[in-house]
Amino acid sequence: PIGAPPPPPPANRRSLVAESPPVRRAGPCALPARGAGAGSGGCGGLWTAADMERLVERLEKAVERLETVCRGPGMCGDGSSEGVAQYVQAFDAILAGPVAEYVKISKEIGGEVQKHAEMVHAALMTKRSVLVVASQHQQPAENVFAALLKPISEQIQMVQNLREKNRGSKFFNHLSAVSESIPALGWVAMSPKPGPFVKEMTDAAMFYTNRILKEYKDVDKKQVDWVKAYLSIWTELQAYIKEYHTIGLTWSKTGPVATEGAKAPSAPPAGAAPPPPGPPPPPAPVHSSTEDSDSASRSALFAQINRGEGITSGLRHVSDDMKTHKNPALKNQGGPLRSGPKPFTTPKAACSANPSQKTSPKQPALLELEGKKWRVENQENATNLVISDTELKQVAYVFKCTNSTLQIKGKINSITLDNCKKLGLVFDDVVGIVEIINSRDIKVQVMGKVPTISINKTDGCHVYLSKNSLDCEIVSAKSSEMNVLIPTEGGDFTEFPVPEQFKTVWNGQKLVTTVTEIAG
């Protein structure tokens, strides 16, 4: 066998080769001639004892190389290393490929990007441990499966919290790209279409990676390589899911049923941190005397049922004078009314389904200039917010403001509204772009001029344009209830809805998309 060490060569091998007669080569020469002389080394000539000896040495070296390769994990036989499923090895290839490249470039960038990458790597290693458990166990009950996924859920939350704590970072787009897509690690709980779920999370990341490419395309190639490395992780993961987990996580059909204390015994790839241990096993159930008595009552009930017709032998005959529908006087005799058992109701949960999701403390309200960025954050019921001392190179970032109104005077570079509700924005001039992201019930009024307004993942947005901004481009994605209001000569506004429904057809060469006209 290839995996076994080669037997020692016979002591007299060389003498046997030396004493064997010359052998004539048959057919075309399959090996390059070495030291072939006239009539002895070329094709169609004779193989001398020296040629035979060199051939044997080459074969021995080839066998040694094969044996060395076969000693590595996952390279021999059926292509799977001992105790590790094939789809776990395929996941290891992703860790060793695009994940390793992403971590490497993140370390070169440093700062919050490096810290984020370390968190992502730890989450992926935890994901690997879940895959190992699934490859060795049968699918458990939903509550047990949820307990197995709890460490991944906690690490996803840690990744997203880092973004929230560093909103003023110069790498905010990097942190946002990772935070928006990291929930894709929950694909193991998505059935029957985990692949499209990962793609949806990847698309959410591309909104921010496109910003990075736009900012660093001709400035810093390392940032561009970071985007390519990070997106390739999810691209490879989609292909991996399509091949091994098309309709959901693949469980073993022969192993024991997984428990909350199931752990992955296999070591992670070389150079990677070991996966965190699984949660402790649940405590043994305590059988109370009430449960024992209930069990005995059920047994007695079934024993009575099995008696067949004899079960009615102990019943008392009810005559007509004892029946209330034939003797109305019995209804008026009063007496205590018998109350039956209360109907079954679903007990209310004593605590929330996810105890880890606790109400975060209220963040302080901000309205300050940090470098070249105006930060307006966590404002509630503030109707007189004004930014007046502005410059062309400054930007404004408005985050998590509710029931408030903000006015920005002068000319500014760009404005971003993120995660705001019922916010009114009035501004004079913007030379770049006004972006509205993850918001609801927003009203924006342009007093001067703006080239582009972007609306993404927003429900309810009214844009009031001025006469000087009628050439503004409005780009929308994954949003609803959008309206653009155009000024009239009388000073009023005419409202026009932004289309949300489209029709796409194949014209023989390409896809053609048009707005769907809805009658009425």
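In strand 16, the bridge partner of Asn-483 is Pro-497. Strand 16 (residues 493–497) is joined by five bridges to strand 15 (residues 480–487), and the two run antiparallel; strands pair if DSSP finds at least two bridges between them. Helices (H or I, at least four residues) and strands (E, at least two) are DSSP runs, numbered from the N terminus. Strands 15 and 16 form a hairpin with five residues between them, and Gly-491 in the turn has a positive phi of about 90 degrees.

The model is predicted: local features need pLDDT of at least 70, side-chain atom pairs count only at pLDDT 80 or more, and totals for chains, interfaces and linings use all residues. Residues are numbered from 1 along each chain as its sequence is written, and side-chain values use heavy atoms, with hydrogens and water left out.

Strand 7 (residues 402–412) and strand 9 (residues 421–430) run parallel and are joined by eight bridges, with Leu-406 opposite Leu-425 in strand 9. Strand 9 is also joined, by six bridges, to strand 11 (residues 440–446), again in parallel. Here Leu-425 stands opposite Val-444 in strand 11.

An open sheet of seven strands has mixed pairing and the order 3-4-6-8-10-12-14. Its edge strands, each pairing on one side only, are strand 3 (366–370) and strand 14 (473–477). On average, neighbouring strands of this sheet are turned by 10 degrees against each other, direction ignored; axes are lines fitted to C-alpha atoms, for helices over the stretch in contact, and angles run from 0 to 180 degrees between N-to-C directions. Within the sheet, strand 10 (residues 433–437) and strand 12 (residues 452–456) pair in the parallel sense over five bridges, and Ile-433 stands opposite Thr-452 in strand 12. Helix 7 (residues 194–216) packs on the sheet and touches strand 8 (414–418), strand 10 and strand 12, where contact means heavy atoms within 4.5 Å. The direction of helix 7 makes about 155 degrees with that of strand 10.

Two packed helices are described by the angle between their axes and the distance between the axes. For helix 5 (residues 142–165) and helix 6 (residues 172–181), the axes come within 9 Å and cross at roughly 155 degrees. The two helices are therefore roughly antiparallel to each other (under 35 degrees counts as roughly parallel, over 145 as roughly antiparallel, 65 to 115 as roughly perpendicular and the rest as oblique). Helix 5 contributes Val-159, Gln-160, Leu-162 and Arg-163 to the contact, and the residues from helix 6 include Phe-172, Leu-175 and Val-178.
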